[in-house]
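Hi there,

Here is the structure I promised to pass on to you. Have a look at it first, and then read my notes below.

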Amino acid sequence: MLKSLGDNNKIDKLREAIASNNNFVITCHISPDGDAVGSSLALCNLLQLMGKNASVITPDIIPNNLSFLPGAKDIVVFSRYEDFAIELINKADVIFSLDYNALYRVDRVGPYINNASAFKVMIDHHINPEPFADIVISHPDISSTCALLFKVLSELHLLQIIDKRVGECIFTGMMTDTGNFSYNSNDPELYYIIANLVALGVDKDYLYARVINSATESKIRITAYALDQKLTLYRDKHVALITLTRKELNDRHYKKGDTESLVNIPLKLDDIDMSFFLREETDYIKVSSRSKGDIPVNLICERYFNGGGHKNAAGGEFYGTMDECVKRFEEFIYNNEIINR
Ligand code: 5GP
Ligand code: MN
């Protein structure tokens with residue numbers, strides 16, 4: 001049995017919004033990960049099973065390793081099909097915001113959602129939700145939006161409708177947002193949910209192989225280069241840093257998604273508690289960070305890199321050069337009490 005979310009009023013309103021409407025748009029954050037794509041496709045597939053018109057809109061393209069997920073081929077990528085995406089948003093009765101809680105996280109889609117007349121529903125697990133939605137179902141204590149969505153569907157009494165395809169999407173987000181159940185994954189409910197998904201026919205070993213063991217050659221080569229040439233260990237601080245410039249990425253035929261999970265690798269070192277990865281984009285530096293135990297990298301990313309996220313997995317953006325960003329990073333590691341263990 002699952003514990004109640006304690007959101008009975010919101011669940012009642014959501015049930016009514018689903019029952020009384022036909023056109024649904026589901027959105028998730030820029031650079032969508034397994035949880036963003038998984039939760040969006042799970043809900044989209046479910047609404048379609050209920051006979052509704054439902055579409056997923058992502059701000060930019062989804063990573064290759066998620067393109068096999070049921071329904072992924074029909075995702076409307078805003079940066080490619082802007083006019084069509086805007087038309088869908090304007091025609092929508094209900095817009096869902098999944099796996100994000102602030103409109104800047106959907107980039108250029110944000111103003112269209114903000115101005116749309118649709119009823120808006122946020123289902124998310126990041127702290128401090130912005131008040132742009134009519135229903136805010138926000139549970140930062142739950143490790144993935146996919147697990148939260150399963151609980152929401154359970155409270156909506158929709159579990160009897162979900163099929164293997166929906167289950168595959170939900171499992172994928174639960175897996176990726178916990179590093180394959182290696183962090184934020186001690187809640188027994190997760191395994192209750194997984195038991196239900198496996199009973200639906202979800203093959204978790206297959207999903208692991210498709211999502212995790214699906215590297216491109218460029219990903220493997222960039223990873224090898226980064227670990228061999230671009231890893232700095234601040235061993236006295238128990239911190240690791242990897243940096244990659246545009247040129248280094250382009251020289252190795254970088255494709256979106258190729259550096260996904262690179263930031264996790266230095267945490268394999270017993271004495272490294274915190275890992276940062278700085279990737280140069282065209283006009284800013286993307287910051288990615290991971291930590292062990294109680295170290296709150298979300299607070300660090302919020303304070304130093306205009307970002308946020310979860311305690312053990314967070315990110316942000318730095319507007320400046322790579323050298324300036326590294327300087328900022330070093331100022332922070334030599335002046336911050338959080339990291340002195
Ligand atoms: P990743 O390092 O995989 O890109 O991001 C890890 C987590 O950090 C994401 O799931 C998201 O919660 C958070 N995150 C990443 N980038 C940003 C950002 O620019 N702003 C905020 N607020 N959170 C971010
Ligand atoms: Mn998530």
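Asp-35 and Asp-99 are both buried, where buried means under 20% relative accessible area, exposed over 50% and partly exposed in between, with a 1.4 Å probe and protein chains only. Helices (H or I, at least four residues) and strands (E, at least two) are DSSP runs, numbered from the N terminus.

A word on the background: this is a predicted model, in which local features need pLDDT of at least 70 and side-chain atom pairs count only at pLDDT 80 or more, while totals for chains, interfaces and linings use all residues. Residues are numbered from 1 along each chain as its sequence is written, chains are lettered from A and ligands numbered from 1 in the order in which they are written, and side-chain values use heavy atoms, leaving out hydrogens and water.

Next, helix α3. Which residues of α3 are buried? They are Ala-85, Ile-86, Leu-88 and Ile-89. These cover an arc of only 160 degrees around the axis, which puts them on the same side of α3; the arc is that of the directions from the helix axis to the C-beta atoms. Asp-83 and Lys-91, on the other side of α3, are exposed. The cover over the buried residues of α3 includes β1 (23-27), β2, β3, β4 and α4.

Now the salt bridges. There are 14 salt bridges in the whole structure, each being a side-chain nitrogen of Lys or Arg within 4 Å of a carboxyl oxygen of Asp or Glu. One of them joins Glu-189 and Lys-3 (3.7 Å, N to O). Glu-189 lies in helix α7 (residues 188-199) and Lys-3 in the segment before α1 (8-19), so this pair ties together parts that are 186 residues apart in sequence. Glu-189 is buried, at 8% relative accessibility, whereas Lys-3 is exposed, at 55%. Another salt bridge is formed by Glu-281 and Arg-246, with the closest N and O atoms 3.9 Å apart. Here Glu-281 sits in the loop between β9 and β10, Arg-246 in helix α10 (residues 246-251), 35 residues apart. Glu-281 is buried, with a relative accessible area of 17%. Through shared partners, salt bridges join Lys-3, Lys-151 and Glu-189 into one network.

Finally, the rings. The structure holds 14 aromatic pairs; rings of Phe, Tyr and Trp (its six-membered ring) pair if their centres lie within 6.5 Å, and planes under 30 degrees apart count as stacked, over 60 as edge-to-face and the rest as tilted. Phe-68 and Tyr-206 form an edge-to-face pair, 6.1 Å centre to centre with 90 degrees between the planes. Phe-68 counts as buried at 17% relative accessibility, and Tyr-206 as partly exposed at 34%. Tyr-234, Phe-276, Tyr-304, Phe-305, Phe-329, Phe-332 and Tyr-334 form one aromatic cluster.

Enjoy exploring!

Terms used:
Contact means heavy atoms within 4.5 Å.
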